[in-house]
Amino acid sequence: MYGPPPDAMQVLVASGPSDLPWHWLICVVLGLALTVVALLRQLPDMARATAFITGQVVLLTAPFAAIWPTLVIGSWPTIDKTGSLLFYLDGVHQRMVLSPIESLADPAARLIGVHVGHLWLVEALDVAVEPIAAFNLQGLAWVVLGWLGATLLARSLSTSWWNAVLVGFPFGMGLHVFRDLNWYTIEKAAVGLLAVFAWTLVRAWQDGGRWRIWAAVAYVVMAWINWYLALVGAAGAALALVVVLAFDRGRAKDLALTCLACSVAVLPLVIWQMLLLRGESTLGDPDVFLYERAMLDSFTLTPPAWNRMEIWRAVNLPVVGLAIWACRSDRTSRGLGLVALGLFSLALGPQIVEGVWNPVYMAIRAVIPGFWRVAKPEVFFEGTYLCLIGMAARGLPRELPKWAYLLLAAGWFIVVRSHPVYPPVTEYSEHELDPRWMEHLGGPHQ
């Protein structure tokens, strides 16, 4: 099983070109129009890259960009997606911001945690569209941001804009993103926030100055929307600082100041999150999270799989090959490789293989307060993947031909869009939050 079984109430919608011809036509026309805009050399390079990426997301994921106002992108209902919408309608995000002290005793706030920024994004869109449409639209935006963020990171590591767009493609358009859009809460697909933070971190290491502020802003926004990504960003930044101190101490000052700025900026959210985890009524038990959650949702070596998805389909293998090749003679790539290995050790979760405990993961779990609540160590591989993409960008010394994108897109259709986890289109159905929802979770210890 790649994910949860279909709900008995789920209604699939046939969504091929012959089933929804007008929706497909809208996506094709809009996608091609944005791609043509990207060809205008009068525009700045970043604007052209954004137009190209947005256009291609609209085109490749058709008919998603046309069905979002009325249907659902992915399976519906699911426990995660339906629960997220119902907690939004219940106003937990409003209570947390308007009454932060009272929220410390709010069961919904304690379950969700401090990262409710994605619900505020829905709130902003809710003035114009239905909440479920706002979730759909946000999901498409995360795909665009994932590709664009990885592109900006690759570009900052000394490659052409075109090369950066190509190597950034597998991150935003990866199978893992679409798996999350299919079944899980919308903020899990927001991996582009991690890519943007990594980009600002690299720029701060290169240039310092205002980039330290931008990195801190990016980190706080990321933490407010997805606390898991904040953990990945913190681990990646700490590892990068250790690598720089070990091998390039003369350039460590800007990176160290940036890490300090991020730590200070996010401190209020850290304190708030720790307060939400205090007390016996916290929804969660450390042993349950370890044995029934973290050990199941990790990167596995036997068989090689990223959270139960075949590694050759979840990760772009040519990018991995380029990353390894770049390590031969490039110092920066080797440094990124060390960061990637550190994050990979966490992505393996509590066990390296069955019966062999992971000393790195278990040591961090024992030392860092609240780390026991990590239910999906596989998310740390998002940081590993970003490092590999950065390394691959370093391994491309000249601009690739334009037709290389056609091969990349064709491969994506074969490897990603044809995979069982790729989101279907379903009908929306209304549900209500059961006032006894805590009982369905098994009480305060699950």
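## Pockets, cavities and salt bridges in a predicted model

Me: What is the volume of the second largest pocket?
Reply: The model is predicted. In this model, the second largest pocket has a volume of about 650 Å³.

Me: Which residues lie closest to the centre of the second largest pocket, and which elements give two or more residues to its lining?
Reply: The lining counts 30 residues, and those closest to the centre are Ala240, Val244, Gly335, Leu336 and Val339. The elements that give two or more residues are α11 (192–207), α13 (227–247), α18 (331–347) and α20 (380–394).

Me: How do the lining residues of the second largest pocket divide into nonpolar, polar and charged?
Reply: Gly counts as polar here, and Ala as nonpolar. On that basis the lining divides into 21 nonpolar, five polar and four charged residues.

Me: Where is Ala235, and is Ala235 buried or exposed?
Reply: Ala235 lies in helix α13. The cut-off for buried is under 20% relative accessible area. Ala235 has 17%, so Ala235 is buried.

Me: How many cavities of 30 Å³ or more does the structure hold, and what space lies in the largest cavity?
Reply: The structure holds three such cavities. In the largest cavity lies a space of about 150 Å³.

Me: Which element gives the most to the lining of the largest cavity?
Reply: The lining has 15 residues, with Ile73, Lys81, Phe135, Asn136 and Ile186 nearest the centre. At least two residues each come from β1 (72–73), α4 (79–90) and α8 (131–156). With five residues, the one that gives the most is α8.

Me: How many charged residues are in the lining of the second largest cavity?
Reply: This cavity holds about 120 Å³ of space. Its lining has 13 residues, and Asp180, Lys188, Lys376, Glu378 and Val379 lie nearest the centre. By class there are four nonpolar and three polar residues, and the charged residues number six.

Me: Which element gives the most to the lining of the second largest cavity?
Reply: Both α10 (175–183) and α13 supply at least two residues. With three residues, the one that gives the most is α10.

Me: Which residues make the nonpolar surface patch of about 380 Å², and is Trp214 buried, partly exposed or exposed?
Reply: The patch is made by Ile213, Trp214, Val217 and Val221. Trp214 is found in helix α12 (residues 210–225). With a relative accessible area of 46%, Trp214 is partly exposed.

Me: Is Ser158 buried or exposed?
Reply: Ser158 has a positive phi of about 70° although it is not a glycine. Ser158 lies in the loop between α8 and α9 (161–172). The cut-off for exposed is over 50%. Ser158 reaches 56% relative accessibility, so Ser158 counts as exposed.

Me: What is the relative accessible area of Asn307?
Reply: Asn307 also has a positive phi, of about 55°, and is not a glycine. Asn307 is found in the loop between β3 and β4 (309–310). Asn307 is buried, with a relative accessible area of 0%.

Me: How many salt bridges does a search of the whole structure find?
Reply: Side chains of opposite charge can pair when their charged atoms come close. One network of salt bridges links Asp90, Arg95 and Asp106. A search of the whole structure finds salt bridges numbering eleven.

Me: How far apart are the closest N and O atoms of Asp45 and Arg48?
Reply: Both residues lie in helix α2, three residues apart, about one turn of the helix. Asp45 counts as partly exposed at 39%, and Arg48 as buried at 19%. The cut-off for a salt bridge is within 4 Å. Asp45 and Arg48 form one, with the closest N and O atoms apart by 3.9 Å.

Terms used
Residues are numbered from 1 along each chain as its sequence is written. This is a predicted model: local features need pLDDT of at least 70, side-chain atom pairs count only at pLDDT 80 or more; totals for chains, interfaces and linings use all residues. Side-chain values use heavy atoms; hydrogens and water are left out. Patches are made of residues with over 30% relative accessible area and no salt bridge: like charges are joined within 9 Å, nonpolar side chains (Val, Leu, Ile, Met, Phe, Trp, Tyr) within 5 Å. Accessible areas come from the Shrake-Rupley method with a 1.4 Å probe; for residues, only the protein chains shown count as cover. A salt bridge is a side-chain nitrogen of Lys or Arg within 4 Å of a carboxyl oxygen of Asp or Glu. Helices (H or I, at least four residues) and strands (E, at least two) are DSSP runs, numbered from the N terminus. Buried means under 20% relative accessible area, exposed over 50%, partly exposed in between (1.4 Å probe, protein chains only). On a 1 Å grid over the protein atoms alone, a cavity is a set of points where a 1.4 Å probe fits but cannot get out, and a pocket is an open set with protein on both sides within 12 Å along at least five of seven lines; lining residues have an atom within 4 Å of a point. Grid points are joined across faces, edges and corners, and a volume is the space filled by probe spheres set on the points.
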